[in-house]
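Biologist: I have not seen this structure before. Could you take me through the model step by step?

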Amino acid sequence: MAQDTVDIAALCALLRQASAAAAHEAMERAGHLSPSLSALVPGVLCVGPAHTVRAPAGYGDEIVRAADEAPPGSVIVIDVGPAPDACTWGGTGTAVAQRRGVSGIVSNGRVRDLAEIRRARFPVFAHGAVATGWSSGRRGETGVPVSVGGRLVHAGDILCADDDGIVVIPRAGAARFLERLQARLDFEREAARIVDAGGRYADVMARKAAHTVPS
């Protein structure tokens, strides 16, 4: 378990130097969520272990609890089932979660107070904005597998999200993925050097084989 924790910390640190596209390549072009969920705050990178929430559509009890209790560095992943227009987040939750060090939000619903969220530069990924709110009185669950963006996300899985999309890395494969991501970033740095030196796109692709990810 201790080694697991070290691997997750190292992986998150490396992902903060990367991108969702690099994570997707390192996942052998897998792990991406549906592009129907997009970045509502442009130009931010969101990385961290999933703090999963399953909430009844239209009820915020479990979401409020997550804003107050999700560990610093985590990404709150909210599943409201087949209700893509339900409100799942807002400005108050953003202020609380951001102060507590939460890395961001991924939701298969919508959010409100978007101007406030954007001013805070808090990473939020969802179907879009909505003016409606929620009620209280129905609890959900936290720490359970959730279905978001066409993929099952377990508590502790690692997310990497930016303007290009959202990628999920299973926690069980974190150490192996770290090796693949390092190889991908090495290739991207070499590609940049080739281009800066006046090289062609074909030159970049010719070098890609030299950075074959270890099997």
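The questions below go from the whole chain to single residues.

Modeller: This is a predicted model, in which local features need pLDDT of at least 70 and side-chain atom pairs count only at pLDDT 80 or more, while totals for chains, interfaces and linings use all residues. Residues are numbered from 1 along each chain as its sequence is written, and side-chain values use heavy atoms, with hydrogens and water left out.

Biologist: What is the radius of gyration of the protein chain, and why does the chain count as compact as a globular protein of that length?

Modeller: The secondary structure comes to seven helices and twelve strands, where helices (H or I, at least four residues) and strands (E, at least two) are DSSP runs numbered from the N terminus. The globule rule, 2.2 Å times the number of residues to the power 0.38, is set against a radius of gyration taken over C-alpha atoms. For 215 residues the rule gives 17 Å, so the chain is as compact as a globular protein of that length, with a radius of gyration of 18 Å.

Biologist: Which residues touch the most other members in the largest nonpolar core?

Modeller: A nonpolar core is a set of buried Ala, Val, Leu, Ile, Met, Phe, Trp, Tyr and Cys residues joined through side-chain atoms within 4.5 Å. Buried means under 20% relative accessible area, exposed over 50% and partly exposed in between, with a 1.4 Å probe and protein chains only. Among the 24 residues of the largest core, those that touch the most other members are I76, I78, W89, V111, F122 and V124.

Biologist: Which element gives the largest share of this core?

Modeller: At least two residues of the core come from each of α3 (61-69), β3 (75-79), α5 (114-120) and β7 (124-126). The largest share is three residues, and it comes from α3.

Biologist: Which elements do the buried residues of α4 pack against?

Modeller: Helix α4 covers residues 91-100, and its buried residues are G91, G93, T94, V96 and A97. Contact here means heavy atoms within 4.5 Å. The buried residues of α4 pack against α3, β4 (87-89) and α5.

Biologist: Is V167 buried or exposed?

Modeller: V167 is found in strand β12, residues 165-169. Leaving out residues up to four places away in sequence, V167 touches A20, A23, H24, M27, A30, G31, H32, I158, L159 and C160. Its relative accessibility is 2%, so V167 counts as buried.

Biologist: Which residues is V204 in contact with, leaving aside its neighbours within four places in sequence?

Modeller: V204 has its place in helix α7, residues 201-208. With a relative accessible area of 7%, V204 is buried. Its contacts beyond those neighbours are F187, A191, I194 and V195.

Biologist: What phi does E28 have, although it is not a glycine?

Modeller: Most residues other than glycine have a negative phi. E28 has its place in the loop between α2 (20-26) and β1 (38-39), and at 58% relative accessibility it counts as exposed. Its phi is positive, at about 60°.

Biologist: Where does D113 lie?

Modeller: D113 also has a positive phi of about 60° although it is not a glycine. At 35% relative accessibility, D113 counts as partly exposed. Its place is the loop between β6 (110-111) and α5.
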